[in-house]
Amino acid sequence: MKTERLIVDPHLPDEAVLRRAVGVLQAGGLVAIPTETVYGLAASALDPRAVRRIYEAKGRPSNNPLIVHVASLEQARSLAVEWPDWAARLAERFWPGPLTIVVPRGPAVSDAITGGGATVALRMPAHPVARRLIELGQSPLAAPSANRSTRISPTTADHVLGMLDGRIELVIDAGATSGGIESTVVGCVDGQVNILRPGPLMAAQLEAALDQPVVVRDVRAGANDAAPLASPGTLARHYAPLVPLECLPASETAARVKGLLAAGERVGWLRWASHAAQSEASSSGALVAIEMPEQPAGYAARLYAALHELEGADVTRIVVDTPPEDHAWLAIQDRLRRAACRI
C-alpha cells in the first residue's frame with residue numbers, strides 16, 4: 001500500500017478532500033493531518049481497532065497514551081468522567097490552541113487510547129483542517145505525532161511520508177505547520193495543576209488564567225517501563241534523530257565540531273546566527289551548519305525541520321548550541337534533552 005497525498009489550502013481547505021479523508025477515517029483507516037503544532041496521525045477515537053493501528057504504524061509502546069482531538073467543549077466533556085474547574089478555566093482561555101488537558105476518562109474512552117491508564121488527554125486544535133475534519137466526521141480523533149515512535153516529529157507532509165509511507169492510507173498536505181513543537185500537556189497531581197510536558201504555553205500563562213501556582217514536572221519514563229505513562233511525550237528518549245545528538249554551550253561547540261570533523265565524522269551543527277562567523281570548522285565540506293533563530297518561537301518552528309534536514313544530509317553526528325536557561329526556552333530544552341538521550 002502506498003500512502004496517498006492530498007493537497008489542501010491550510011486556511012480554506014477543499015471540503016470534498018476533507019470528506020474523502022473522513023470516509024477513510026470512518027472505515028478504520030489512518031490519516032496524517034496538519035495541526036498548528038506538528039502533523040498528527042489520526043484515527044477515529046471511538047474505534048479501538050483503528051486506534052490500535054496507530055500504535056502498529058508508529059511502533060509505539062502500548063502504555064504510551066494518545067491525545068484525543070475534539071472540535072467542541074461538549075465533545076471533550078463527553079469523553080471525561082468529570083470536568084474539574086481548573087480544566088474548564090484553561091479550556092475557556094486557551095482552546096482552540098496548543099494545550100492538552102489530562103482528566104479522568106469517561107466510559108467512551110478505550111484502553112487503547114489511554115495506554116491502560118485512568119485518564120484521557122484532550123485537545124482542541126486551532127488548525128482549520130484538523131478542526132473541520134472532526135466536525136465533518138462528528139467524531140473525536142486520536143492523533144499523536146505522525147512519525148515512528150521516538151523519532152523526530154513531522155512538520156511537513158514530506159516528513160510524514162519519509163517515516164510512514166506505506167503504513168497509513170492518506171496524508172493531507174497543508175504545508176508546513178506553524179508552531180513546530182507539540183502542545184503543552186497539563187494534569188492534576190495531588191490536587192495541584194502540573195505541566196506534564198512543556199510546550200508553547202508556559203507556566204506563567206496558565207497561572208494567570210487559574211490564579212494559582214502551576215508546577216512544572218520533569219517526567220521522564222524509561223523505554224522498559226510497563227505502567228501506563230502519565231502523559232504523551234514523556235519517554236526519556238523522544239523527538240530524536242537516528243544519529244547521536246549532543247548539546248554544548250555555544251562557547252564550546254566550535255571546538256567540538258572541529259574535533260569530530262578531524263575524526264572523520266560528517267557533522268550537523270545547529271548554531272546561533274550571532275555565532276556563525278566563519279571559522280576553521282565552517283569551511284569543511286563535511287560540515288552542514290544551520291543557523292537557528294534566537295527567539296524561542298522562531299527556534300521552535302524551525303527545530304524539527306532542521307533536524308530532518310540534517311538527517312537528509314547524511315550527517316553522522318549532530319552538535320547543538322545549548323539554548324538559554326530561561327522559562328521561555330523550557331519546551332525547546334525539553335525536546336533537545338530527550339533527543340540527546342541514548343537509552
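This is a predicted model: local features need pLDDT of at least 70, side-chain atom pairs count only at pLDDT 80 or more; totals for chains, interfaces and linings use all residues.
## Basis

Local features need pLDDT of at least 70 and side-chain atom pairs count only at pLDDT 80 or more, while totals for chains, interfaces and linings use all residues. Residues are numbered from 1 along each chain as its sequence is written, and side-chain values use heavy atoms, with hydrogens and water left out.

## Helices α1 and α6

Helix α1 covers residues 15-26 and helix α6 residues 128-137; helices are DSSP runs (H or I, at least four residues), numbered from the N terminus. The two pack at an angle of about 60 degrees with their axes 9 Å apart. Axes are lines fitted to C-alpha atoms over the stretch in contact, and angles run from 0 to 180 degrees between N-to-C directions. α1 and α6 are therefore oblique to each other (under 35 degrees is roughly parallel, over 145 roughly antiparallel, 65 to 115 roughly perpendicular, the rest oblique). Their crossing is right-handed, the near helix being turned clockwise from the far one by less than a right angle.

On α1 the contact (heavy atoms within 4.5 Å) involves Glu 15, Leu 18, Arg 19, Ala 21, Val 22 and Gln 26, and on α6 Val 129, Arg 132, Leu 133, Leu 136 and Gly 137. Six of these residues are nonpolar, two polar and three charged. Ala, Val, Leu, Ile, Met, Phe, Trp, Tyr, Cys and Pro count as nonpolar, Asp, Glu, Lys and Arg as charged, and the others, Gly among them, as polar.

## Helices α10 and α11

Helix α10 (residues 296-312) packs against helix α11 (residues 330-340) at about 30 degrees, with axes 9 Å apart. That makes α10 roughly parallel to α11.

Pro 296, Tyr 299, Ala 300, Leu 303 and Tyr 304 of α10 meet Ile 332, Arg 335 and Leu 336 of α11. This contact has seven nonpolar residues, no polar ones and one charged.
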